[in-house]
Amino acid sequence: MMMVQPSYYPKVSIIVAAYNSADTIQDCLQSLLAQDYPPDHLEILVMDGVSKDNTVQIAKQLGIKVISIDLNAPAAYNYAQKIVQHSILGFVDSDAKVESAWLKKLVKHLIVDEPTVAGVSGGIETWNQTNPWAKSIGYELKNRYQRIGKYTNRIATMNLLLKRTIIEQVGGWNENLPSQYDTDFGYRIAAQGYKIAYEPNAVCYHYNRPTLKAFYRQQLQYGKNTLKLYIKHKKLAKGDEITDAGMNIQPLLLLSATILFLLGLVPTLRLLWIGPPTILIGMLLYFTYSALKISHRFHDWTAMRLIVLYFVRSVAWFNGAITITLTHLLLPLTKKRRSPNDT
(Lines give C-alpha, C1' and ligand atoms only; values in the text may rest on other atoms or scores of the structure.)
Protein backbone atom coordinates (compact mmCIF):
# COMPACT_ATOMS: atom_id res chain seq x y z
CA MET A 1 0.00 0.00 0.00
CA MET A 2 1.34 3.42 -0.95
CA MET A 3 1.99 5.60 2.09
CA VAL A 4 0.89 9.22 1.97
CA GLN A 5 3.71 11.59 2.92
CA PRO A 6 3.06 14.08 5.75
CA SER A 7 3.36 17.00 3.32
CA TYR A 8 0.10 15.84 1.71
CA TYR A 9 -1.81 16.18 4.95
CA PRO A 10 -3.39 19.60 5.43
CA LYS A 11 -2.98 21.31 8.77
CA VAL A 12 -6.05 21.11 10.98
CA SER A 13 -7.17 23.04 14.07
CA ILE A 14 -9.56 21.04 16.27
CA ILE A 15 -11.85 22.93 18.64
CA VAL A 16 -13.39 21.18 21.64
CA ALA A 17 -16.17 23.09 23.41
CA ALA A 18 -16.44 21.93 27.01
CA TYR A 19 -18.38 22.67 30.18
CA ASN A 20 -18.19 20.55 33.32
CA SER A 21 -16.83 17.71 31.21
CA ALA A 22 -14.44 16.15 33.71
CA ASP A 23 -15.93 12.67 33.25
CA THR A 24 -15.15 12.53 29.53
CA ILE A 25 -12.66 15.26 28.58
CA GLN A 26 -9.54 13.18 29.26
CA ASP A 27 -10.55 10.32 26.96
CA CYS A 28 -11.74 12.85 24.38
CA LEU A 29 -8.44 14.72 24.27
CA GLN A 30 -6.30 11.59 24.49
CA SER A 31 -8.09 10.23 21.42
CA LEU A 32 -7.20 13.42 19.54
CA LEU A 33 -3.59 13.31 20.71
CA ALA A 34 -3.40 9.67 19.55
CA GLN A 35 -4.44 10.47 15.97
CA ASP A 36 -2.43 8.75 13.26
CA TYR A 37 -1.55 12.14 11.84
CA PRO A 38 1.59 14.32 11.71
CA PRO A 39 1.66 16.05 15.14
CA ASP A 40 2.97 19.31 13.69
CA HIS A 41 -0.04 19.41 11.36
CA LEU A 42 -2.54 19.30 14.22
CA GLU A 43 -3.61 22.02 16.65
CA ILE A 44 -6.03 21.32 19.52
CA LEU A 45 -7.85 24.04 21.46
CA VAL A 46 -10.34 23.58 24.32
CA MET A 47 -12.92 26.32 24.68
CA ASP A 48 -14.14 25.96 28.26
CA GLY A 49 -17.39 27.62 29.35
CA VAL A 50 -15.99 28.38 32.83
CA SER A 51 -16.41 24.86 34.20
CA LYS A 52 -16.96 24.36 37.91
CA ASP A 53 -15.25 20.95 37.95
CA ASN A 54 -11.66 20.08 37.00
CA THR A 55 -12.19 20.06 33.22
CA VAL A 56 -9.59 22.77 32.70
CA GLN A 57 -6.98 21.10 34.92
CA ILE A 58 -7.35 17.79 33.09
CA ALA A 59 -6.91 19.45 29.70
CA LYS A 60 -3.86 21.44 30.81
CA GLN A 61 -2.25 18.33 32.31
CA LEU A 62 -2.39 16.82 28.83
CA GLY A 63 -0.61 19.86 27.42
CA ILE A 64 -3.69 21.20 25.63
CA LYS A 65 -4.25 24.94 25.25
CA VAL A 66 -7.40 26.05 27.10
CA ILE A 67 -9.36 29.28 26.94
CA SER A 68 -11.92 29.60 29.72
CA ILE A 69 -14.63 32.12 28.89
CA ASP A 70 -18.37 32.28 29.57
CA LEU A 71 -19.74 31.58 26.09
CA ASN A 72 -22.21 29.08 24.66
CA ALA A 73 -20.93 26.57 22.10
CA PRO A 74 -21.57 28.56 18.88
CA ALA A 75 -20.10 31.72 20.43
CA ALA A 76 -17.08 29.70 21.56
CA TYR A 77 -16.61 28.41 18.02
CA ASN A 78 -16.77 31.92 16.59
CA TYR A 79 -14.24 33.10 19.17
CA ALA A 80 -11.89 30.19 18.57
CA GLN A 81 -12.07 30.62 14.81
CA LYS A 82 -10.37 34.00 15.15
CA ILE A 83 -7.35 32.66 17.01
CA VAL A 84 -6.62 29.18 15.66
CA GLN A 85 -4.01 28.85 12.96
CA HIS A 86 -5.18 26.52 10.22
CA SER A 87 -7.55 26.60 7.24
CA ILE A 88 -9.42 23.39 8.15
CA LEU A 89 -11.31 23.47 11.43
CA GLY A 90 -12.33 20.35 13.32
CA PHE A 91 -15.12 20.18 15.88
CA VAL A 92 -15.34 17.37 18.44
CA ASP A 93 -17.72 17.35 21.40
CA SER A 94 -16.15 17.02 24.84
CA ASP A 95 -18.32 13.94 25.46
CA ALA A 96 -17.00 12.16 22.38
CA LYS A 97 -13.83 10.31 21.46
CA VAL A 98 -12.57 9.26 18.04
CA GLU A 99 -10.65 6.34 16.61
CA SER A 100 -6.98 6.87 15.78
CA ALA A 101 -7.58 7.01 12.00
CA TRP A 102 -10.57 9.36 12.31
CA LEU A 103 -8.85 12.50 11.06
CA LYS A 104 -6.96 10.76 8.30
CA LYS A 105 -10.17 9.18 6.96
CA LEU A 106 -12.06 12.48 7.04
CA VAL A 107 -9.48 14.87 5.69
CA LYS A 108 -9.13 13.01 2.39
CA HIS A 109 -12.57 14.36 1.45
CA LEU A 110 -11.28 17.93 1.74
CA ILE A 111 -8.04 17.67 -0.21
CA VAL A 112 -9.75 16.71 -3.47
CA ASP A 113 -10.93 19.40 -5.82
CA GLU A 114 -14.62 19.51 -4.90
CA PRO A 115 -15.45 23.19 -4.34
CA THR A 116 -19.03 22.49 -3.23
CA VAL A 117 -17.92 20.27 -0.32
CA ALA A 118 -17.84 22.46 2.77
CA GLY A 119 -16.86 19.75 5.22
CA VAL A 120 -17.04 16.11 6.26
CA SER A 121 -18.31 14.13 9.22
CA GLY A 122 -17.78 10.62 10.52
CA GLY A 123 -20.10 7.90 11.78
CA ILE A 124 -21.31 7.58 15.37
CA GLU A 125 -21.16 4.68 17.81
CA THR A 126 -22.12 4.58 21.48
CA TRP A 127 -19.29 5.11 23.96
CA ASN A 128 -21.10 3.97 27.13
CA GLN A 129 -22.59 0.77 25.71
CA THR A 130 -23.03 -0.86 29.11
CA ASN A 131 -25.71 1.65 30.12
CA PRO A 132 -29.11 0.44 28.82
CA TRP A 133 -30.56 3.91 28.20
CA ALA A 134 -27.40 5.17 26.49
CA LYS A 135 -27.27 2.03 24.35
CA SER A 136 -30.87 2.51 23.19
CA ILE A 137 -30.26 6.19 22.42
CA GLY A 138 -27.27 5.10 20.39
CA TYR A 139 -29.33 2.67 18.32
CA GLU A 140 -31.84 5.38 17.50
CA LEU A 141 -29.14 7.90 16.59
CA LYS A 142 -27.30 5.38 14.45
CA ASN A 143 -30.53 4.47 12.69
CA ARG A 144 -31.08 8.11 11.78
CA TYR A 145 -27.52 8.52 10.53
CA GLN A 146 -27.90 5.47 8.31
CA ARG A 147 -30.41 7.49 6.29
CA ILE A 148 -27.60 9.81 5.19
CA GLY A 149 -26.13 9.19 1.76
CA LYS A 150 -22.73 10.28 0.48
CA TYR A 151 -23.57 13.90 1.22
CA THR A 152 -25.89 15.79 3.55
CA ASN A 153 -26.92 19.39 4.13
CA ARG A 154 -26.26 19.38 7.85
CA ILE A 155 -24.75 17.28 10.57
CA ALA A 156 -23.93 17.63 14.27
CA THR A 157 -20.68 19.21 15.43
CA MET A 158 -20.06 16.07 17.45
CA ASN A 159 -17.35 15.14 14.94
CA LEU A 160 -16.96 17.42 11.97
CA LEU A 161 -14.35 19.06 9.74
CA LEU A 162 -15.16 22.29 7.90
CA LYS A 163 -13.31 24.59 5.55
CA ARG A 164 -12.63 27.82 7.40
CA THR A 165 -13.29 29.99 4.36
CA ILE A 166 -16.84 28.65 4.01
CA ILE A 167 -17.62 29.17 7.71
CA GLU A 168 -16.55 32.78 7.27
CA GLN A 169 -18.47 33.11 4.01
CA VAL A 170 -21.82 32.17 5.61
CA GLY A 171 -21.26 34.37 8.66
CA GLY A 172 -20.10 31.86 11.27
CA TRP A 173 -22.25 30.17 13.91
CA ASN A 174 -25.57 31.51 15.19
CA GLU A 175 -24.89 32.51 18.80
CA ASN A 176 -28.62 32.92 19.53
CA LEU A 177 -29.08 29.13 19.31
CA PRO A 178 -27.26 27.36 22.19
CA SER A 179 -28.34 24.12 20.49
CA GLN A 180 -29.55 23.46 16.93
CA TYR A 181 -26.90 25.91 15.70
CA ASP A 182 -25.52 23.08 13.56
CA THR A 183 -28.87 22.72 11.77
CA ASP A 184 -29.01 26.48 11.21
CA PHE A 185 -25.47 26.42 9.84
CA GLY A 186 -26.30 23.53 7.50
CA TYR A 187 -29.31 25.41 6.16
CA ARG A 188 -27.19 28.46 5.39
CA ILE A 189 -24.41 26.57 3.62
CA ALA A 190 -26.96 24.58 1.60
CA ALA A 191 -28.60 27.86 0.55
CA GLN A 192 -25.26 28.82 -0.97
CA GLY A 193 -24.82 25.53 -2.81
CA TYR A 194 -22.53 23.71 -0.38
CA LYS A 195 -22.82 20.22 1.11
CA ILE A 196 -21.15 18.07 3.77
CA ALA A 197 -19.61 14.70 2.94
CA TYR A 198 -20.38 11.72 5.15
CA GLU A 199 -17.72 9.13 5.92
CA PRO A 200 -19.29 6.42 8.13
CA ASN A 201 -16.02 4.51 8.41
CA ALA A 202 -14.42 7.34 10.41
CA VAL A 203 -15.77 6.38 13.82
CA CYS A 204 -16.67 8.71 16.65
CA TYR A 205 -17.86 7.30 19.99
CA HIS A 206 -20.41 9.49 21.75
CA TYR A 207 -21.24 9.38 25.47
CA ASN A 208 -25.04 9.31 25.37
CA ARG A 209 -27.20 10.51 28.26
CA PRO A 210 -27.24 7.65 30.82
CA THR A 211 -30.52 8.48 32.62
CA LEU A 212 -34.02 9.55 31.63
CA LYS A 213 -33.61 12.75 33.66
CA ALA A 214 -30.42 13.71 31.82
CA PHE A 215 -32.00 12.83 28.47
CA TYR A 216 -35.06 14.95 29.27
CA ARG A 217 -32.92 17.97 30.21
CA GLN A 218 -30.95 17.67 26.98
CA GLN A 219 -34.06 17.36 24.84
CA LEU A 220 -35.75 20.24 26.67
CA GLN A 221 -33.01 22.55 25.40
CA TYR A 222 -33.40 21.10 21.91
CA GLY A 223 -37.13 21.80 22.11
CA LYS A 224 -36.58 25.43 23.04
CA ASN A 225 -34.13 26.07 20.25
CA THR A 226 -35.91 23.96 17.63
CA LEU A 227 -38.90 26.31 17.79
CA LYS A 228 -36.58 29.30 17.33
CA LEU A 229 -34.93 27.52 14.42
CA TYR A 230 -38.20 26.71 12.64
CA ILE A 231 -39.48 30.26 13.06
CA LYS A 232 -36.32 31.45 11.34
CA HIS A 233 -36.16 28.71 8.67
CA LYS A 234 -39.71 27.45 8.14
CA LYS A 235 -38.68 24.92 5.47
CA LEU A 236 -36.73 22.94 8.06
CA ALA A 237 -39.97 21.93 9.80
CA LYS A 238 -40.52 19.47 6.94
CA GLY A 239 -37.64 17.44 8.34
CA ASP A 240 -34.49 15.90 6.90
CA GLU A 241 -32.42 12.72 7.26
CA ILE A 242 -31.49 13.42 10.88
CA THR A 243 -34.75 14.93 12.18
CA ASP A 244 -37.68 13.73 10.11
CA ALA A 245 -41.24 15.06 9.89
CA GLY A 246 -42.44 12.30 12.22
CA MET A 247 -40.29 13.70 15.04
CA ASN A 248 -41.33 17.29 14.35
CA ILE A 249 -45.06 16.54 14.46
CA GLN A 250 -44.99 14.86 17.89
CA PRO A 251 -44.97 18.08 19.98
CA LEU A 252 -47.87 19.35 17.86
CA LEU A 253 -49.82 16.20 18.66
CA LEU A 254 -49.23 16.79 22.37
CA LEU A 255 -50.37 20.38 21.92
CA SER A 256 -53.54 19.15 20.23
CA ALA A 257 -54.19 16.71 23.05
CA THR A 258 -53.71 19.48 25.62
CA ILE A 259 -56.06 21.87 23.83
CA LEU A 260 -58.74 19.21 23.45
CA PHE A 261 -58.49 18.35 27.13
CA LEU A 262 -58.81 22.00 28.19
CA LEU A 263 -61.75 22.60 25.86
CA GLY A 264 -63.37 19.48 27.25
CA LEU A 265 -63.51 21.11 30.67
CA VAL A 266 -66.51 22.99 29.29
CA PRO A 267 -69.47 20.64 29.94
CA THR A 268 -70.98 21.15 26.47
CA LEU A 269 -67.63 20.18 24.89
CA ARG A 270 -67.00 17.11 27.05
CA LEU A 271 -66.95 14.82 23.99
CA LEU A 272 -63.62 16.39 23.01
CA TRP A 273 -62.04 14.34 25.78
CA ILE A 274 -62.08 11.45 23.34
CA GLY A 275 -59.27 13.23 21.50
CA PRO A 276 -56.37 13.12 24.01
CA PRO A 277 -56.39 9.34 24.67
CA THR A 278 -56.84 8.71 20.94
CA ILE A 279 -53.78 10.85 20.16
CA LEU A 280 -51.70 9.24 22.90
CA ILE A 281 -52.65 5.72 21.80
CA GLY A 282 -51.74 6.63 18.22
CA MET A 283 -48.35 7.93 19.38
CA LEU A 284 -47.80 4.77 21.43
CA LEU A 285 -48.49 2.59 18.39
CA TYR A 286 -46.13 4.65 16.25
CA PHE A 287 -43.39 4.54 18.91
CA THR A 288 -43.83 0.79 19.32
CA TYR A 289 -43.56 0.26 15.57
CA SER A 290 -40.42 2.44 15.38
CA ALA A 291 -38.81 0.66 18.34
CA LEU A 292 -39.62 -2.74 16.84
CA LYS A 293 -37.92 -1.77 13.56
CA ILE A 294 -34.78 -0.60 15.32
CA SER A 295 -34.70 -3.64 17.63
CA HIS A 296 -34.95 -5.91 14.60
CA ARG A 297 -32.32 -3.96 12.64
CA PHE A 298 -29.74 -4.16 15.42
CA HIS A 299 -30.83 -7.61 16.69
CA ASP A 300 -31.30 -6.34 20.23
CA TRP A 301 -34.75 -6.32 21.82
CA THR A 302 -33.55 -4.16 24.70
CA ALA A 303 -33.94 -1.30 22.22
CA MET A 304 -37.66 -1.45 23.00
CA ARG A 305 -36.74 1.03 25.74
CA LEU A 306 -36.99 3.52 22.92
CA ILE A 307 -40.77 3.63 23.45
CA VAL A 308 -40.12 5.38 26.77
CA LEU A 309 -37.37 7.56 25.30
CA TYR A 310 -39.63 8.66 22.45
CA PHE A 311 -42.31 9.79 24.91
CA VAL A 312 -39.72 11.60 27.04
CA ARG A 313 -38.33 13.39 23.98
CA SER A 314 -41.80 14.40 22.77
CA VAL A 315 -42.74 15.83 26.16
CA ALA A 316 -39.40 17.63 26.45
CA TRP A 317 -39.75 19.22 23.00
CA PHE A 318 -43.35 20.20 23.80
CA ASN A 319 -42.36 21.76 27.12
CA GLY A 320 -39.40 23.52 25.53
CA ALA A 321 -41.58 25.04 22.81
CA ILE A 322 -44.21 26.13 25.35
CA THR A 323 -41.51 27.69 27.58
CA ILE A 324 -40.07 29.73 24.71
CA THR A 325 -43.54 30.80 23.53
CA LEU A 326 -44.59 31.98 26.99
CA THR A 327 -41.27 33.77 27.44
CA HIS A 328 -41.78 35.73 24.23
CA LEU A 329 -45.39 36.54 25.13
CA LEU A 330 -44.50 37.73 28.64
CA LEU A 331 -41.33 39.62 27.71
CA PRO A 332 -43.17 42.76 26.45
CA LEU A 333 -45.19 42.86 29.69
CA THR A 334 -42.01 42.60 31.74
CA LYS A 335 -40.44 45.49 29.83
CA LYS A 336 -43.52 47.67 30.35
CA ARG A 337 -43.35 47.13 34.10
CA ARG A 338 -39.81 48.41 34.30
CA SER A 339 -39.39 51.96 35.45
CA PRO A 340 -36.83 54.30 33.85
CA ASN A 341 -34.63 53.84 36.93
CA ASP A 342 -34.37 50.09 36.33
CA THR A 343 -32.07 50.52 33.33
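1. Let's start with the aromatic rings. Searching the whole structure, which is a predicted model, turns up 14 aromatic pairs.

2. Are the two partners buried or exposed? Y77 has a relative accessible area of 1% and is buried. W173 counts as buried too, with a relative accessibility of 3%. For both residues, the cut-off to keep in mind is that buried means under 20% relative accessible area.

3. Y77 has another ring partner, Y181. Here the centres lie 6.0 Å apart and the planes stand at 70°, so this pair is edge-to-face. Planes over 60 degrees apart fall in that class. Again distant parts of the chain are linked, with Y77 in helix α3 and Y181 in helix α7, 104 residues apart. Y77 and Y181 are both buried.

4. Which residues make up the aromatic cluster that includes Y77? Y77, F91, W173, Y181 and F185 form one cluster.

5. Over the ring of Y151 you will find the charged end of K195, 3.9 Å from the ring centre. The ring of W273 has the charged end of R270 over it, with 4.6 Å to the centre.

6. Now step back to the whole chain. Its secondary structure comes to 11 helices and nine strands. A compact globule of 343 residues would have a radius of gyration near 20 Å, and the chain's 22 Å agrees with that. Along the principal axes, the C-alpha trace spans about 80 × 65 × 40 Å.

7. How much of the chain is buried? Buried residues account for 50% of the 343 residues.

8. Strand β2 (residues 42-48) deserves a visit. This strand is mostly covered, with seven of its seven residues buried. L42, I44, V46 and D48 point one way from β2, whereas E43, L45 and M47 point the other way, and all of them are buried.

9. What runs alongside β2? Strand β1 (residues 12-18) is joined to β2 by seven bridges, and the two strands run parallel. To find your place in this pairing, look for I14, which stands opposite I44 in β2.

10. Finally, have a look at D95. This residue is in the loop between β4 (88-92) and β5 (96-98). D95 counts as buried, as its relative accessibility is 16%. Which residues does D95 touch, once neighbours within four places in sequence are left aside? The contacts of D95 are then T24, W127, Y205, H206, Y207 and R209.

How values were computed. Residues are numbered from 1 along each chain as its sequence is written. This is a predicted model: local features need pLDDT of at least 70, side-chain atom pairs count only at pLDDT 80 or more; totals for chains, interfaces and linings use all residues. Side-chain values use heavy atoms; hydrogens and water are left out. Rings of Phe, Tyr and Trp (its six-membered ring) pair if their centres lie within 6.5 Å; planes under 30 degrees apart count as stacked, over 60 as edge-to-face and the rest as tilted. Buried means under 20% relative accessible area, exposed over 50%, partly exposed in between (1.4 Å probe, protein chains only). Helices (H or I, at least four residues) and strands (E, at least two) are DSSP runs, numbered from the N terminus. A charge sits over a ring if NZ of Lys or CZ of Arg is within 6 Å of the ring centre and within 35 degrees of the ring normal. The radius of gyration is taken over C-alpha atoms; the globule rule is 2.2 Å times the number of residues to the power 0.38. Two strands pair if DSSP finds at least two bridges between them. Contact means heavy atoms within 4.5 Å.
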